[in-house]
Amino acid sequence: MPVPGIPTYVEPDTTLRVKVGDTCGLTCTFCHNEGTPVAADNRGRSAGTFTIGGPSGRMSIYAATNGARFLPAPIPADERFGRVLADLRDALKLTEVHLTGGEPTLHRDVARLTKIATGAGYQVGMTSNGENGGNVLSDCAEAGLDRVNFSIFGTTANELAEVQHAKYRNPKLAERKIKELHRSISVCADRGVKASANIVVLDDSHAPRVHRLLDEYSPHLTVRLLNSLDHGSASVDAIERVLAERGAVPEANYVTAGVSGSRTSYRLPDGRRVYFKQIRRVRLPETCAGCKFNNDTDCEEGFYGVRLYYDRDGQYQVGVCIQRMDLCQPIDEFLSSGLREEILALREAEYRELTASTAR
């Protein structure tokens with residue numbers, strides 16, 4: 001939660017997360033896959049029978065319980081995509097698109113998707129594991145890519161291998177993935193694309209990863225530490241100890257009104273900034289009210305924002321919760337729905353409340 005005694009800045013949420021495809025070259029055991037089932041493991045299955053994993057070794061940890069009703073497909077880089085982005089921009093007052101997956105750099109037209117999004121007036125970011133960025137990020141930069149959030153699941157081959165499916169727990173394969181990650185970060189530095197590293201800290205045993213990340217990676221890389229909701233205070237305490245060991249001083253809190261994201265900026269003695277990112281308890285007042293997950297233990301993300309999907313039937317779907325994919329609506333239905341109004345009302349109410357409280 002926000003650190004007292006330092007400035008707090010509030011900004012309204014204006015970001016759309018877009019799942020551009022489902023392919024990924026990692027098999028992380030904790031992956032939520034943006035809420036959708038892993039397409040490769042669920043072909044031939046219908047809604048209600050989707051599985052969380054299969055022969056691919058990949059995971060979608062909520063797929064068996066979140067009511068998912070469709071399988072994801074790669075978004076076509078065409079005029080229709082641009083129209084959908086424009087419709088959502090106008091309906092929700094959006095300014096940013098964040099490309100996700102799967103691994104978005106494996107989409108063969110990811111640079112074209114980036115160009116379409118910038119053409120629709122969006123600033124474009126991406127979450128990536130870095131496995132293919134060396135091949136495509138330069139073209140994405142040319143198309144207007146502003147930033148990449150690299151998800152770093154291990155700073156050594158053994159660390160990365162440990163969080164992969166048993167079938168793919170191979171340090172040699174992991175070493176190749178880490179080399180590609182370094183290459184992707186270098187491309188960002190060379191092309192002027194802002195880069196950050198997201199690293200989840202479960203407990204004190206993960207502290208050496210953070211220290212290596214800060215010691216070994218380029219100063220161009222901004223580090224964001226994420227606590228694990230499953231590990232509770234052990235995770236928070238471990239992050240706070242790491243920050244203390246690095247001599248980090250808190251500078252400012254940043255709260256995003258209308259969604260659950262918040263972060264605190266810390267400055268290290270060498271001038272680098274590290275961010276501690278946490279989840280606030282934010283819910284959609286009507287949509288979340290009767291949800292069985294709406295408690296302090298089962299709801300892991302809260303209302304994190306709006307997501308856009310493309311299904312195997314060629315339909316765009318809008319979602320608001322990876323644990324409740326049954327809430328997804330086809331784009332045309334969403335645009336005229338009360339859910340859209342509820343999202344806008346929550347954002348505006350929180351912005352007024354938060355800005356008033358920080359002014360006092």
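User: At 8% relative accessibility, does Arg58 count as buried or exposed, and what is the rule?
Analyst: Happy to start there, with a note that this is a predicted model, in which local features need pLDDT of at least 70, side-chain atom pairs count only at pLDDT 80 or more, and totals for chains, interfaces and linings use all residues. Residues are numbered from 1 along each chain as its sequence is written, and side-chain values use heavy atoms, leaving out hydrogens and water. Buried means under 20% relative accessible area, exposed over 50%, and partly exposed in between (1.4 Å probe, protein chains only). At 8%, Arg58 counts as buried.

User: Which residue forms a salt bridge with Asp22?
Analyst: A salt bridge here is a side-chain nitrogen of Lys or Arg within 4 Å of a carboxyl oxygen of Asp or Glu. Asp22 is buried, with a relative accessible area of 7%. Its closest N and O atoms in the pair are 3.5 Å apart, and the partner is Arg58.

User: How far apart in sequence are the parts that Asp22 and Arg58 tie together?
Analyst: Helices (H or I, at least four residues) and strands (E, at least two) are DSSP runs, numbered from the N terminus. Asp22 lies in the loop between β2 (15-19) and α1 (39-42), and Arg58 in the loop between α1 and α2 (79-92), so the parts are 36 residues apart.

User: What is the distance between the closest N and O atoms of Glu350 and Arg280?
Analyst: Both Glu350 and Arg280 are buried. They form a salt bridge, and the closest N and O atoms are apart by 2.8 Å.

User: How many salt bridges are there?
Analyst: Among them is the pair of Glu142 and Arg191. By the rule above, the count comes to 23.
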